[in-house]
Amino acid sequence: MSTDQRDHRPLRIVQWTTGNVGERSVIAIAANPLLELVGCFAWSADKVGRDVGELCGIPPMGVVATAGFITGHALGDGRARVQAACVAGGT
């Protein structure tokens, strides 16, 4: 891929929550063709699995809010396996 092609790809964004400030950020991302929302962390359980656009009062964006993977607390028994893989992979 040429440098020129890379320069025209949208910047991929993961939003941290959809509270007061996060909502404004999501709305700005949705309005900017140079940005692409690819993920969103949901702090509260009632937001998990819901479309980020709907959470922010705009049309659906096709991105659902997720939780647990950020902190690892919801992984249960799998958390140690993920931590070992991170150590092995140097992350």
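The model is a predicted one, in which local features need pLDDT of at least 70 and side-chain atom pairs count only at pLDDT 80 or more, while totals for chains, interfaces and linings use all residues. Residues are numbered from 1 along each chain as its sequence is written, and side-chain values use heavy atoms, with hydrogens and water left out.

**View 1. The chain as a whole.**
Here is the setting for the close-ups that follow. Four helices and three strands make up the secondary structure of the protein chain; these are DSSP runs (helices: H or I, at least four residues; strands: E, at least two), numbered from the N terminus. Along the sequence they come in the pattern α-β-α-β-α-β-α. Of the 91 residues, 24% are buried. The accessible surface is about 6300 Å², with 57% of that area on carbon and sulfur atoms (Shrake-Rupley method, 1.4 Å probe; for residues, only the protein chains shown count as cover). Among contacts (heavy atoms within 4.5 Å) with a separation of 6 or more, 48% are between residues 24 or more positions apart.

The strands lie in the order 1-2-3, and their pairing is parallel. Strand 1 and strand 3 are the edge strands, each with a single partner, so one side of each has no neighbour in the sheet. Two strands pair if DSSP finds at least two bridges between them. Strands 1 and 2 are joined by six bridges, while two bridges join strand 2 to strand 3 (residues 65-66). Look for Gln15 opposite Cys40 in strand 2, and for Phe41 opposite Thr66 in strand 3.

**View 2. The crossover through helix 2.**
Strand 1, helix 2 (residues 20-31) and strand 2 form a right-handed β-α-β unit. To check the handedness yourself, point the strands away from you: a right-handed path from the first strand over the helix to the second runs clockwise.

The whole structure contains two aromatic pairs. Rings of Phe, Tyr and Trp (its six-membered ring) pair if their centres lie within 6.5 Å; planes under 30 degrees apart are stacked, over 60 edge-to-face, and the rest tilted. Trp16 and Phe41 are stacked, at 4.3 Å centre to centre with 20 degrees between the planes. This pair bridges 25 residues of sequence, from Trp16 in strand 1 (residues 11-16) to Phe41 in strand 2 (residues 35-41). Trp16 is partly exposed at 48% relative accessibility, whereas Phe41 is buried at 3%.

**View 3. The cysteines.**
A disulfide is a covalent bond between the sulfur atoms of two cysteines. With the criterion of cysteine sulfur atoms within 2.5 Å, this structure holds zero disulfides. For Cys40, the nearest cysteine sulfur belongs to Cys56, 6.7 Å away. Cys40 is buried at 1% relative accessibility, and Cys86 is partly exposed at 30%.

Key:
Buried means under 20% relative accessible area, exposed over 50%, partly exposed in between (1.4 Å probe, protein chains only).
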